[in-house]
Amino acid sequence: MQPRNMSMSGVVDLAAVKAAGEAKAKAEAARAEAARHGGTAAVAPSALVIDVDEAGFERDVLQRSAEVPVVIDFWAEWCEPCKQLGPLLERLAVEYNGRFLLAKVDVDANQMLMQQFGIQGIPAVFAVVAGQALPLFQGAAPEAQIRQTLDQLVQVAEERFGLTGIQVAPDAPGDEGAAAVPAGPYDALLEAAMSALDAGDLAGAVQAYKNVLADDPGHPEAKLGLAQAELLSRVQGVDPQQVRKNAADNPADVAAQIAAADLDLVGGHVQDAFGRLVDAVRRTAGEDRDAARLRLLELFEVIGADDPRVTAARQALASALF
């Protein structure tokens, strides 16, 4: 089972869910057993985020997934993107109010789990629903797309497995203010970008991300969001069939190959997009080569530097250049 990147589509891969009927039956049986023992008690908001290790994985993830979707955040202390993604997922876990449980796995301390899930780069995020594992995304991602993925996960869990989440105590002792996560310095701008994306205002989203980067050029979420919003802007309104025909009829036309590579990436054909541009770099020189190379670097930003497909494409690019 290999992690897949959701960065463009944000779509949960339903094909990854095996034996849905059997898993649903097990989930229903588990809930019935809990009901016979008085039901499941409400949990405090702070209990929506848990640290999980190999010893407790079956109890804390597999068994709990019979009552609530469990989102697994594979991270490490040395991983800079993890430090951006982790707090965001924790905030969303509280905000979703029991519709999913967030399990955090330190890969340095849990190498076996990392191998079992086929993790090739972190951060990597999976979900377990009624005992069934499915990949969500790898690398950093904008909050808007993470929300979209979580919404789809919650919908899949409810419609296919009958999982409606767990009850959260509104005022648990010792948890006063647990749900009040302080806003970060760029939350308003990132929220504006998300709202613009939801409304189809790609120009507004691009500007909102640029506003963040004007003050913090290295902000990972804004860099990724800007790259994706600009990509969507480039393909908006184009005729896909004509773009692909132009690329097929004119293999030496770098502009045609660049346009087709954008469509490849939006369609989820990541390696095709990268390979197309690497080939363009290999075949050309001067301004054409620079144009293909720069677009390839922009598409790397869309997918994320930790993705193994980006690593392989970088090596191919270096070989083509030198």
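**Close-up 1. Glu67 is buried, with a relative accessible area of 18%, and its side chain meets that of Arg64 in a salt bridge.** Welcome to a predicted model, in which local features need pLDDT of at least 70 and side-chain atom pairs count only at pLDDT 80 or more, while totals for chains, interfaces and linings use all residues. Residues are numbered from 1 along each chain as its sequence is written, and side-chain values use heavy atoms, with hydrogens and water left out. Buried means under 20% relative accessible area, exposed over 50%, and partly exposed in between (1.4 Å probe, protein chains only). Arg64, at 23% relative accessibility, therefore counts as partly exposed. The distance between Arg64 and Glu67 is 2.8 Å, N to O. A salt bridge here is a side-chain nitrogen of Lys or Arg within 4 Å of a carboxyl oxygen of Asp or Glu; by this rule the count comes to 17. In general, side chains of opposite charge can pair when their charged atoms come close.

**Close-up 2. Asp262 takes part in a salt bridge with Arg234 and in another with Arg295.** For Arg234 and Asp262, the closest N and O atoms are 2.8 Å apart. This pair links distant parts of the chain, with Arg234 in helix 8 (residues 220–235) and Asp262 in helix 10 (residues 254–266), 28 residues apart. Helices (H or I, at least four residues) and strands (E, at least two) are DSSP runs, numbered from the N terminus. Arg234 is partly exposed at 27% relative accessible area, whereas Asp262, at 3%, counts as buried. Arg295 and Asp262 have their closest N and O atoms 2.9 Å apart. Here too the pair links distant parts of the chain: Arg295 sits in helix 12 (residues 286–303), 33 residues from Asp262 in helix 10. Both Arg295 and Asp262 are buried. Elsewhere, salt bridges that share partners join Arg91, Glu95, Glu143 and Arg147 into one network.

**Close-up 3. Helix 3 runs over residues 80–95.** From the first C-alpha to the last, its 16 residues reach 24 Å, close to the expected 22 Å; the expected span is 1.5 Å times one less than the number of residues. Which residues of helix 3 are buried? Among them are Cys82, Leu85, Leu89, Arg91 and Val94. After helix 3 comes Asn97, with a positive phi near 55°.

**Close-up 4. An open sheet holds 5 strands in the order 1-3-2-4-5, with mixed pairing.** Strand 1 (49–51) and strand 5 (132–138) are at the edges with a single partner strand each, so one side of each has no neighbour in the sheet. The twist averages 25° from one strand to the next, using axes fitted as lines to C-alpha atoms (for helices, over the stretch in contact) and angles from 0 to 180 degrees between N-to-C directions. Two strands pair if DSSP finds at least two bridges between them; strand 4 (residues 124–129) and strand 5 pair in the antiparallel sense over 6 bridges. In this pairing, Val125 stands opposite Phe137 of strand 5. Strands 4 and 5 form a hairpin with 2 residues between them, and Ala130 in the turn has a positive phi of about 50°. Strand 5 is mostly covered, with 6 of its 7 residues buried.

**Close-up 5. The structure holds 6 aromatic pairs.** Phe74 and Phe126 have ring centres 6.0 Å apart and planes at 85°, so this pair is edge-to-face. Phe74 lies in strand 2 (residues 70–75) and Phe126 in strand 4, so the pair ties together parts 52 residues apart in sequence. Rings of Phe, Tyr and Trp (its six-membered ring) pair if their centres lie within 6.5 Å; planes under 30 degrees apart count as stacked, over 60 as edge-to-face and the rest as tilted. Phe74 and Phe126 are both buried. Ring pairs link Phe57, Phe74, Phe117 and Phe126 into a cluster.

**Close-up 6. The largest nonpolar core has 28 residues, and those touching the most other members are Leu265, Phe274, Leu296, Leu299, Phe300 and Ile303.** At least two residues of this core come from each of helix 8, helix 9 (240–249), helix 10, helix 11 (270–283), helix 12 and helix 13 (308–321). Helix 11 gives the most, with 7 residues. A nonpolar core is a set of buried Ala, Val, Leu, Ile, Met, Phe, Trp, Tyr and Cys residues joined through side-chain atoms within 4.5 Å.
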